[in-house]
Amino acid sequence: MNKSCQITGNSFKILPMSSFFLEWFALDRDAGISNLIWRWLTAHIAHFSAVHFLLNLAGILVITAINRAFLFSRQGALSFIFLGLWVSAGIWLFNPEIVTYAGLSGVLHGLFILAVIMTDQYRRAFKVLLLALWGGKVLLELSGGMDLSGRSELLGVAVAIDAHLYGLIGGLVLMVLRGLLKPGCHHPEISHSGKAVD
């Protein structure tokens, strides 16, 4: 399977301005080392097309429905930054075939599991089920058990499946670093009413 996220000929037909955003914000190996670090973050706000943007926006809405207080808290912002750098580093180090990368889906994979773990809205068993299904989805993508050709055709570029894996791993790393896997763990930044308190 071709995992390259090179810009294709029809990438800009849906959203003409995307060429500007991709040129200045996407993770691009051809841009040179001087532009590298800031692109590790900005790549996740650049998109290949309006459809690509809308799919990622739908992901944000799902995470918002699960745990709005976390997503829009200081911890959510710091998690976003960490996951953005983590996913970009993974792509840069382990996917030399990806010349140009843009999109939020890798970061969203990490934010999803953090939002699930940090909500008091669901019982522990349901959280474990959601996380297992999410991990299973990523494993299916990686093994080729999930056909992504339709999504690639819709987006005009190949789906960077490995970015989903890096986001998932990054979310797990944050969970471990913050001690969120301990039984009976209290999440100080989220109150029981669902409001952010920091």
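A polar contact is a pair of N or O atoms within 3.5 Å; within protein, one must be able to donate a hydrogen and the other to accept it. In this predicted model, the side chains of Ser88 and His44 make such a contact, at 2.9 Å.

**Chain overview**
- The chain holds 8 helices and 2 strands.
- Along the sequence, their order is α-β-α-α-α-β-α-α-α-α.
- The chain has 198 residues, and 46% of them count as buried.
- Its accessible surface is about 10100 Å². Carbon and sulfur atoms account for 69% of that area.
- Take the contacts between residues at least 6 apart in sequence: 73% of them join residues at least 24 apart.

**Helix H4: span and cap**
- H4 covers residues 74-94, a run of 21 residues.
- From first C-alpha to last, H4 reaches 30 Å. That is close to the 30 Å expected at 1.5 Å a residue.
- Ser73 caps the N-terminal end of H4. A side-chain oxygen of Ser73 lies 3.3 Å from the backbone nitrogen of Gln75.

**Helix H4: buried residues**
- Gln75, Gly76, Ser79, Leu83 and Gly84 are among the buried residues of H4.
- The list of buried H4 residues also includes Val87, Ser88, Ala89, Gly90 and Ile91.
- Ser88 has a relative accessible area of 0%. Buried means under 20%, so Ser88 qualifies.
- Leaving aside residues up to four places away in sequence, Ser88 touches Leu27, Trp40 and His44.
- With His44, the link includes the side-chain polar contact at 2.9 Å.

**Helix H4: nonpolar surface patch**
- Leu41, Leu78, Ile81 and Leu85 form a nonpolar patch on the surface.
- Together, these four residues have about 290 Å² of accessible area.
- H4 gives the most to the patch, with 3 residues.
- Leu85, one of the patch residues, is placed in H4.
- The relative accessible area of Leu85 is 33%, so Leu85 is partly exposed. Patch residues need over 30%, so Leu85 passes that cut-off.

**Helix H6: Val128**
- Val128 lies in helix H6, which covers residues 124-143.
- Val128 counts as exposed because its relative accessibility is 51% and the cut-off is over 50%.
- Val128 and Ile113 are 15 residues apart in sequence. Their C-alpha atoms are 9.9 Å apart in space.

Terms used: Residues numbered from 1 in each chain as written. Predicted model: local features only at pLDDT ≥ 70, side-chain atom pairs only at ≥ 80, totals over all residues. Heavy atoms only, no water. Patch = residues over 30% accessible without salt bridge, like charges linked within 9 Å, V, L, I, M, F, W, Y side chains within 5 Å. Areas by Shrake-Rupley, 256 points an atom, 1.4 Å probe, with all protein chains shown as cover. Salt bridge = Lys/Arg side-chain N within 4 Å of Asp/Glu carboxyl O. Helix = DSSP H or I, 4+ residues; strand = E, 2+ residues; numbered from the N terminus. Buried < 20%, exposed > 50% of the residue type's maximum accessible area, 1.4 Å probe, protein only. Contact = heavy atoms within 4.5 Å. Expected span 1.5 Å × (residues − 1).
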